[in-house]
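Work through the exercises below with the coordinates open. Try each task before reading its solution.

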Number of protein chains: 2
Amino acid sequence: MNEFEIIKTYFYPLAKKFPGALSLLDDAALLDIDPDHQMVITNDILTAGVHFFENDPADLVARKSIRVNLSDLAAMGAEPLVYLLALSLPNTVDDAWLELFSNGLKRDQINYGISLIGGDTSSTPGPTSISITMLGRIRVNKALKKSNAKLGDDIWVSGNIGDAGVALKIIKGEVNVIDDKSKNYLFKRLHLPEPRLELGNNLIEIANSATDISDGLANDLNNICQASGFGAVVQGDSIPISELVSTLIKQTKHLKMSHIISGGDDYELVFTAPPEYTKNINTLSKKMGLKISKIGSIVEGKTIRIIDKIGHDLPLETEGYQHF
Amino acid sequence: MNEFEIIKTYFYPLAKKFPGALSLLDDAALLDIDPDHQMVITNDILTAGVHFFENDPADLVARKSIRVNLSDLAAMGAEPLVYLLALSLPNTVDDAWLELFSNGLKRDQINYGISLIGGDTSSTPGPTSISITMLGRIRVNKALKKSNAKLGDDIWVSGNIGDAGVALKIIKGEVNVIDDKSKNYLFKRLHLPEPRLELGNNLIEIANSATDISDGLANDLNNICQASGFGAVVQGDSIPISELVSTLIKQTKHLKMSHIISGGDDYELVFTAPPEYTKNINTLSKKMGLKISKIGSIVEGKTIRIIDKIGHDLPLETEGYQHF
């Protein structure tokens with residue numbers, strides 16, 4: 001049973017009566033706090049050996065833990081406020097690790113204007129595990145959801161897709177990159193994703209639906225389609241990739257566009273908006289200095305198709321980021 | 001370095017500027033949500049092999065995970081609302097475990113009028129770990145804190161102390177209990193602590209300071225003293241213990257009052273209040289049908305003393321529940 005099925009079978013029944021739980025299908029939960037605002041609350045676990053490598057630098061692990069949670073808030077259009085840290089530590093963790101880890105948290109607290117407010121620490125006979133609960137705020141009924149895509153919406157994606165997935169393939173020895181500059185670019189995209197908070201906030205009055213790409217573009221767009229009851233057609237050529245990844249695909253026999261689409265950890269936003277907002281989105285892109293690419297449309301149906309120039313379907317890797 | 005030192009050294013600096021973090025010293029954090037209310041937020045990790053046994057019934061593990069978090073809210077006087085569940089699962093966990101676990105959550109959701117609203121699940125090469133973030137609410141500036149004990153306050157404790165600690169000693173083979181009725185009583189106290197939510201709520205206008213006893217009466221009272229800048233004198237004879245534990249102390253050479261005072265997992269409340277509230281507290285005790293015992297006083301100084309009838313200090317076990 002994969003993570004999605006476990007949640008649906010065992011935990012959805014515990015949340016279905018609470019509207020703000022959004023059926024446990026969205027990036028964060030909503031809690032009414034005053035007549036004008038809702039709290040937006042999300043939680044992500046990062047476990048050594050599953051989400052990061054035990055010997056990854058502790059400051060980068062800390063910052064990624066913060067950022068993947070911020071990315072969930074960004075996907076809802078929310079403003080981050082505070083977080084709680086639940087930290088499970090094996091006895092191999094020493095002062096140097098803790099100092100580096102807390103320095104990483106500190107740095108991103110400053111970057112994003114947030115504060116630690118609580119949490120728990122526990123010893124564990126298992127691997128290091130970091131579970132952060134991030135709390136943010138949004139004006140009432142303004143949160144972007146996965147479930148609100150409309151028929152005929154354009155599908156947009158921020159930044160470039162696939163950099164982080166390729167970085168992971170380099171670490172695994174599946175892709176070769178020799179020059180340090182390229183490696184640094186890709187590793188930074190893996191270790192220090194940029195939560196698209198400003199974009200999410202700007203999309204509140206523009207987008208019908210949104211989510212962040214944590215499990216691969218295909219998986220996360222599929223989540224929007226499932227939640228909204230529609231299908232999607234994506235032009236494979238429109239999916240934004242970096243020049244470096246484009247070159248690597250040409251050079252590397254085993255690296256295909258299907259890996260780019262199905263790989264995870266991009267932490268870009270994928271969102272849908274009515275076609276009449278095209279100009280607004282292009283203006284926003286220029287204003288923010290952030291690439292935002294139109295990649296397809298929401299259509300009738302239940303599946304997502306990614307097609308090449310002559311309309312043939314590109315195959316999708318379904319491996320994604322299944323944790324079970 | 002123990003848990004307290006890790007928090008003080010590495011995490012307190014990340015929280016010190018945010019008043020609602022309460023210097024990471026209290027049972028929960030406070031977040032202003034409207035002019036009349038604050039959100040009260042707490043997080044506790046339960047890890048197999050550390051906080052529970054891998055083969056403990058999953059429904060009891062689920063319910064204890066809920067209840068230790070509710071106990072933190074009770075200690076602040078807050079009303080619980082919703083929770084997030086971060087669940088790390090080894091591949092040995094099967095459907096039967098998940099079904100029992102979710103049934104446990106469901107049962108205590110009904111008991112306490114709360115709902116699951118979000119969270120995360122992850123696979124882990126380590127032990128099962130449950131990290132719950134519980135959110136509650138309280139009227140502004142009414143939260144009970146550890147740091148507000150006043151000189152001359154009486155020290156009070158709810159229920160009986162030591163039942164859960166003795167249950168743990170039975171499991172470890174350090175104490176023998178033969179009859180099932182006694183075992184069941186003690187095991188229930190260990191596995192299903194009763195969060196003192198109603199008491200906490202009633203103490204808002206009575207107590208100066210409060211905390212829940214999760215690390216042993218001596219440790220948690222010491223936390224109140226440290227946070228408030230005072231000492232405490234406790235009459236050992238006044239510490240409430242069940243008849244069963246009283247009998248076991250007499251029968252068991254290795255079981256002493258010092259273990260009762262220093263053992264953890266009681267999840268009763270210890271609080272301080274001005275002597276003039278004695279009558280109110282006794283009335284409250286009768287009304288609630290809950291034993292509430294006066295056990296000592298807040299005094300000048302920095303240490304807590306637990307004394308016998310003739311004023312001699314009882315020794316304290318300092319083992320407590322140090323996780324590191």
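Predicted model: local features only at pLDDT ≥ 70, side-chain atom pairs only at ≥ 80, totals over all residues.

Residues are numbered from 1 along each chain as its sequence is written, while chains are lettered from A and ligands numbered from 1 in the order in which they are written.

**Exercise 1. The chain interface**

Describe the side of chain A that touches chain B.

Solution. Start with contacts (C-beta atoms, placed from the backbone, within 7 Å). By this test, 57 residues of chain A are in contact with 57 residues of chain B. Now sort by element; helices (H or I, at least four residues) and strands (E, at least two) are DSSP runs, numbered from the N terminus. The elements of chain A that give two or more residues include helix 1, helix 3 and strand 5 (129-139). Strand 4 of chain A gives the most, with nine residues. Then sort by class: 29 are nonpolar, 20 polar and eight charged. Here Ala, Val, Leu, Ile, Met, Phe, Trp, Tyr, Cys and Pro count as nonpolar, Asp, Glu, Lys and Arg as charged, and the others, Gly among them, as polar. Last, compare the copies: 100% of the interface residues of chain A are also interface residues in chain B, so the copies meet through the same surface.

**Exercise 2. Helix 3 of chain A**

Check the length of helix 3 of chain A and locate its buried face.

Solution. The expected span is 1.5 Å times one less than the number of residues. For the 18 residues of helix 3 (residues 95-112) of chain A this gives 26 Å, and the end C-alpha atoms are 26 Å apart, which agrees. Next comes burial: buried needs 20 or more other C-beta atoms within 10 Å of a residue's own, exposed 12 or fewer, partly exposed lies in between, and C-beta atoms are placed from the backbone. Phe101(A), Ser102(A), Gly104(A), Leu105(A) and Gln109(A) are the buried ones. Seen down the axis of helix 3 of chain A, they fall within an arc of 150 degrees (directions from the helix axis to the C-beta atoms), so they line one face. Asp95(A), Ala96(A) and Ile110(A) are exposed on the other side. The cover over the buried residues includes helix 2 (58-76) and strand 4 (115-123) of chain A, together with helix 1 (3-15) of chain B.

**Exercise 3. Two domains**

State the domain bounds of chain A.

Solution. An automatic or database domain assignment supplies the bounds. It gives domain 1 (3-139) and domain 2 (146-307) in chain A. Their contact takes 18 residues from domain 1 of chain A and 20 residues from domain 2 of chain A.

**Exercise 4. Positive phi**

What is the phi of Leu22(A), and what is that of Leu24(B)?

Solution. Phi is near 50 degrees for Leu22(A) and near 60 degrees for Leu24(B). Most residues other than glycine have a negative phi. Leu22(A) counts as buried because it has 21 C-beta neighbours inside 10 Å.

How values were computed: Contact = placed C-beta atoms within 7 Å.
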